[in-house]
Amino acid sequence: RAGGVVRDGVLNIESKDVDYLVTNVSFCELKNSLGLISDKIISTSVGDSMQVIKAYIDGSQEPYDFAIPRTEKYGDLGTHTDVIATGDPSISVEEELGRRDLTINAIAYNVETHQLIDPYHGISDIKKKIIRAVGDPDKRFEEDPLRILRAIQFAVRFNFDIEEKTKKSILKNIDTLEHLPAERFLEEFKKAIEKAKDSNNMKFLNLLLETGIGNLL
């Protein structure tokens with residue numbers, strides 16, 4: 001397992017989104033194997049392009065996401081929809097986690113060894129209640145400006161503080177958000193409001209003012 005489901009487990013929160021990262025098999029092999037054990041597979045052109053398959057397993061009410069490791073290349077606009085994903089089964093779990101947005105989302109759980117894989121110290125940041133970009137925050141936000149909104153969203157949802165270097169990078173790269181369509185703002189803001197405690201609404205407004213995002217709306 002990888003990403004949000006592992007993060008939520010550390011936070012003792014129930015997660016409806018269950019993502020599996022499967023290494024050392026091709027995307028075609030993964031799809032064929034899931035076809036043998038799943039109740040239903042949802043295969044879409046978008047999923048195929050991102051090397052992700054949704055499958056219902058053992059009567060699950062929600063589909064699980066199964067993906068192979070991938071590299072991502074962003075276009076000139078650097079937007080979430082302007083990306084080319086290339087599957088590569090040989091990529092290690094640690095390397096694959098390195099392409100993710102925030103350290104709290106860059107944690108994996110090996111279902112065979114029952115060991116947590118945490119190369120970017122996401123668990124420590126969860127305990128410290130910190131939102132921190134993986135690696136160089138400028139690079140993360142330049143790759144995909146949506147990650148700026150996600151940093152805000154998670155800070156509000158969990159009542160975490162944004163680490164100083166990450167916050168400075170948000171301020172530096174704020175103009176890149178102009179490329180994002182309005183619905184992406186609405187999607188992240190909706191998550192921030194609906195998944196956070198009511199007491200965090202002021203935190204949300206303050207972050208919009210501090211980062212300058214409020215001036216873009």
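Author: Two strands pair if DSSP finds at least two bridges between them. Strands are DSSP runs of E with at least two residues, helices runs of H or I with at least four, numbered from the N terminus. This is a predicted model in which local features need pLDDT of at least 70, side-chain atom pairs count only at pLDDT 80 or more, and totals for chains, interfaces and linings use all residues. Residues are numbered from 1 along each chain as its sequence is written, and side-chain values use heavy atoms, without hydrogens and water.

Reader: What makes β3 and β4 a pair?

Author: Four bridges join β3 and β4 (residues 64-67), in the antiparallel sense, and at least two are required, so they pair. Val-52 has Ala-67 in β4 as its bridge partner.

Reader: How do you know that β2 pairs with β3?

Author: Three bridges join β2 (residues 40-42) to β3 (residues 52-56), and these strands run antiparallel. Lys-40 stands opposite Tyr-56 in β3.

Reader: Why are α7 and α9 called roughly parallel?

Author: They pack at an angle of about 10 degrees, with axes 8 Å apart. Axes are lines fitted to C-alpha atoms over the stretch in contact, and angles run from 0 to 180 degrees between N-to-C directions. Angles under 35 degrees count as roughly parallel, over 145 as roughly antiparallel, 65 to 115 as roughly perpendicular and the rest as oblique; α7 and α9 are therefore roughly parallel.

Reader: Which residues make the contact between α7 and α9?

Author: With contact meaning heavy atoms within 4.5 Å, they include Leu-149 and Gln-153 of α7 and Phe-185 and Glu-188 of α9.
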